[in-house]
Amino acid sequence: MATVMIIEDDPQMARMLATLLEFEGYAAVICPSPEQALDCIREARPNVVVMDFYLGKTRAPGLLRSLREDPDLRGVRVIVVSGDDQETAARAAGADAFLLKPFPMEELIQRIRKLG
């Protein structure tokens, strides 16, 4: 069973995504806060991370750059999601995929299968 980590500052959205992913057969892990993201990834060793672009005071590009600079974590696959078209910024920072909200859940599952 593949593990998917959710990094999302909206707890309700994170729980919804986790429930839907678990329904699809994935082990879903929610990181409690964006500030703990790197530690969460180190601990859970997910196959794929689904990360919101806007994470309160944190932004996905900065977090992605830190992830890609870490020798132990640089290979982690990341899907960035956003309500704004931030694909260029997300990809430039190291995202493997980008989805514009709202997106069909099947599209997210397909991306996870492709990357995981």
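In what order do the five strands of the open sheet stand, and is their pairing parallel or antiparallel? In this predicted model, the strands are arranged as β2-β1-β3-β6-β7, and the pairing is parallel. The edge positions belong to β2 (27-30) and β7 (97-100); each has a single partner strand, so one side of each is left without a neighbour in the sheet. From one strand to the next, the twist averages 20°.

A look inside the sheet shows how two of its strands meet. Strand β3 (residues 48-52) and strand β6 (residues 77-82) run parallel and are joined by five bridges. Within this pair, V50 stands opposite I79 of β6. Helices pack on the sheet as well. Helix α1 (residues 11-23) touches β1 (3-7) and β2, and its direction makes about 165° with that of β2. Helix α3 (residues 60-69) also packs on the sheet, where it touches β1, β3 and β6. The angle between the direction of α3 and that of β6 is about 175°.

The nonpolar interior comes next. In soluble globular proteins, nonpolar side chains tend to be buried together. Here the largest nonpolar core has 22 residues, and those with the most contacts inside it are I7, I41, V49, M51, L64, V78 and V80. Two or more residues of this core come from each of β1, α2 (37-44), β3, α3, β6 and α4 (87-93). Of the contributing elements, α3 gives the most, with four residues.

How many disulfides does a search of the whole structure find? The search returns one, and this disulfide joins C31 to C40 with an S to S distance of 2.5 Å. The torsion about the S-S bond of C31 and C40 is about 75°, so the disulfide is right-handed. Are the two cysteines buried or exposed? C31 has a relative accessible area of 2% and is therefore buried. C40 has a relative accessible area of 13%, which is under the 20% limit, so C40 is buried too.

Conventions:
Residues numbered from 1 in each chain as written. Predicted model: local features only at pLDDT ≥ 70, side-chain atom pairs only at ≥ 80, totals over all residues. Heavy atoms only, no water. Pairing = 2+ DSSP bridges. Axes fitted to C-alpha atoms, helices over the stretch in contact; angles between N-to-C directions. Contact = heavy atoms within 4.5 Å. Disulfide = S-S within 2.5 Å. Buried < 20%, exposed > 50% of the residue type's maximum accessible area, 1.4 Å probe, protein only. Core = buried A, V, L, I, M, F, W, Y, C linked by side-chain atoms within 4.5 Å.
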